[in-house]
Amino acid sequence: VPILGYRRRPYVMMSAVGAAAMIVLMSLFGRSKTSITVFATAVALCMAIIEVVLDSLAVEFSNRVILERATSASSDTDSVEASADTTISQVQSECMVARTAGSVVASAVSVLLLLFCSPRTVIFFACAGPAALCVLSLHFHEQRSQIAH
């Protein structure tokens, strides 16, 4: 469902803001197991939405690359199909590598911060990731959808 004519950008922005807000609230008001569970669940939901949207961008990118290769390739459909499978696999692999690398870096930074800061401060700093994603989503190149009135 497009929002203001965009199919992806608003969902990333709203979910990133939601995740950042829930992380800040968790750092400020997470005093019990229940409140921490509620905040962490809300963060996970927001991040899951972001992940679905970004995965759809990866699929769209793969399809665009496949289409470009198919139009420039010869009429050999077997090689085009093999190229399509390779492209999809490469994009999925690169996304997983980037996601895993980000998790490793975030874990290492969190451990280092724990040496100098309280756990609440480290949780507060965790909102930097979703906040940065919100800013980056402003640069998504997405055409406006035509909304029927």
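A helix here is a DSSP run of H or I with at least four residues, and helices are numbered from the N terminus. With that in hand, welcome to this structure, which is a predicted model.

**The second largest pocket**

Helix α2 is the element that gives the most to the lining of the second largest pocket, with 4 residues.

**The largest pocket**

Now for the largest pocket, which 27 residues line. Met47, Ala106, Ala126, Gly129 and Pro130 are the ones that lie nearest its centre. Which of them gives the largest share of the lining? That is α3, with 9 residues.

| Pocket | Volume | Lining by class |
|---|---|---|
| Largest pocket | about 810 Å³ | 20 nonpolar, 5 polar and 2 charged residues |

**Helix α5**

Helix α5 spans residues 128–137, and its buried residues are Pro130, Leu133, Cys134 and Ser137. Why do they sit on the same side of α5? Because they cover an arc of only 105° around the axis, these residues share one side of the helix. An α-helix has 3.6 residues a turn, so residues three or four places apart point the same way. Among the elements that cover the buried residues of α5 are α1 (9–29) and α2 (33–72).

Two of these buried residues have already come up with the pockets. Pro130 is buried in α5 and is also one of the residues nearest the centre of the largest pocket.

**The cysteines**

How many disulfides does the structure hold? The count is 0. A disulfide is a covalent bond between the sulfur atoms of two cysteines. For Cys117, the closest cysteine sulfur is the one in Cys127, and at 13 Å it is too far for a bond, since a disulfide needs the two sulfur atoms within 2.5 Å.

Is Cys117 buried or partly exposed? Its relative accessible area is 24%, so Cys117 is partly exposed. Cys95 also counts as partly exposed, with a relative accessibility of 28%.

Notes
Residues are numbered from 1 along each chain as its sequence is written. This is a predicted model: local features need pLDDT of at least 70, side-chain atom pairs count only at pLDDT 80 or more; totals for chains, interfaces and linings use all residues. Side-chain values use heavy atoms; hydrogens and water are left out. Buried means under 20% relative accessible area, exposed over 50%, partly exposed in between (1.4 Å probe, protein chains only). Helices (H or I, at least four residues) and strands (E, at least two) are DSSP runs, numbered from the N terminus. The arc is that of the directions from the helix axis to the C-beta atoms. Contact means heavy atoms within 4.5 Å. On a 1 Å grid over the protein atoms alone, a cavity is a set of points where a 1.4 Å probe fits but cannot get out, and a pocket is an open set with protein on both sides within 12 Å along at least five of seven lines; lining residues have an atom within 4 Å of a point. Grid points are joined across faces, edges and corners, and a volume is the space filled by probe spheres set on the points. Ala, Val, Leu, Ile, Met, Phe, Trp, Tyr, Cys and Pro count as nonpolar, Asp, Glu, Lys and Arg as charged, and the others, Gly among them, as polar.
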